[in-house]
Structures are given as C-alpha cells and as structure tokens.
Amino acid sequence: MTLDPHDLAHEFPALADKIHNLKTGNAHFHKLAERYEEINKETVQIEEGVRVTDDAYLETLKKERLQLKDQIAAMLAA
C-alpha cells in the first residue's frame, strides 16, 4: 500500500514560497509548521510499521495533524 504524502510541500504545493517566508518571518507559523511536520513524520512511521502503537494514539495524531493543517491553511490564506 502506498501512503499519500501529507508534508506541507505536498499539501500546499503552490504556496511553497509563502510557507518558506512565513517559517522564517513568523515565529507562530514556524512553531505550527514544525509541530505539523513532527506529527506527520511520526504518523508515517506508524503507518509504515516502523513504529508500533495502538490505533487510538494514531487517531489522536491524525486529528492533531488535521487541526494544525487547518491553522496553517488559514494563515496561508491571509
């Protein structure tokens, strides 16, 4: 099974420059983006079987990732 990439570059491919500018110029955005990428990396490891955990924890990670993505999308739209 191939996993869909969920990193910010794939989620918002047309906004790569804006993401970079916000990461370097906005501390809050930088923190959100870092946390998003941490959660995404952990989620991928679990889904690929590299790391073992229960389904409830994986679901919690996915929900947090989605909430962060929504916050990031709102900042990118502003």
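In helix α4, the buried residues are L58, L61, R65, L68, I72 and L76, where buried means under 20% relative accessible area with a 1.4 Å probe, protein chains only. They pack against α1, α2 and α3. Helices are DSSP runs of H or I with at least four residues, numbered from the N terminus.

This is a predicted model, in which local features need pLDDT of at least 70, side-chain atom pairs count only at pLDDT 80 or more, and totals for chains, interfaces and linings use all residues. Residues are numbered from 1 along each chain as its sequence is written, and side-chain values use heavy atoms, with hydrogens and water left out.

| Helix | Length | First to last C-alpha | Expected span |
|---|---|---|---|
| α3 | 21 residues | 30 Å | 30 Å |
| α4 | 23 residues | 33 Å | 33 Å |

In α3, the buried residues are F29, L32, A33, Y36, I39, N40, E42, T43 and I46. Their cover includes α1 (8-11), α2 and α4. At the start of α3, a side-chain oxygen of N26 comes to within 3.0 Å of the backbone nitrogen of H28. Just after this helix, G49 has a positive phi of about 85°.

The axes of α3 and α4 come within 9 Å and cross at roughly 145°; axes are lines fitted to C-alpha atoms over the stretch in contact, and angles run from 0 to 180 degrees between N-to-C directions. Residues of α3 that make the contact include H28, R35 and E47, and those of α4 include Y57, E64 and Q71. Contact means heavy atoms within 4.5 Å.

T43 lies in α3 and counts as buried because its relative accessibility is 0%. Leaving out residues up to four places away in sequence, T43 touches L58, L61, K62 and R65. With neighbours within four places in sequence set aside, F29 is in contact with I19, L22, K23, I72, M75 and L76.

F29 also belongs to the largest nonpolar core, which has 15 residues; L8, F12, I19, F29, I72 and L76 touch the most other members. The elements giving two or more residues to this core are α2 (16-25), α3 (27-47) and α4 (55-77), and α3 gives the most, with six residues. A nonpolar core is a set of buried Ala, Val, Leu, Ile, Met, Phe, Trp, Tyr and Cys residues joined through side-chain atoms within 4.5 Å.

Methods:
Buried means under 20% relative accessible area, exposed over 50%, partly exposed in between (1.4 Å probe, protein chains only). The expected span of a helix is 1.5 Å times one less than its number of residues. A polar contact is a pair of N or O atoms within 3.5 Å; within protein, one must be able to donate a hydrogen and the other to accept it, and residues adjacent in sequence count only if both atoms are side-chain atoms.
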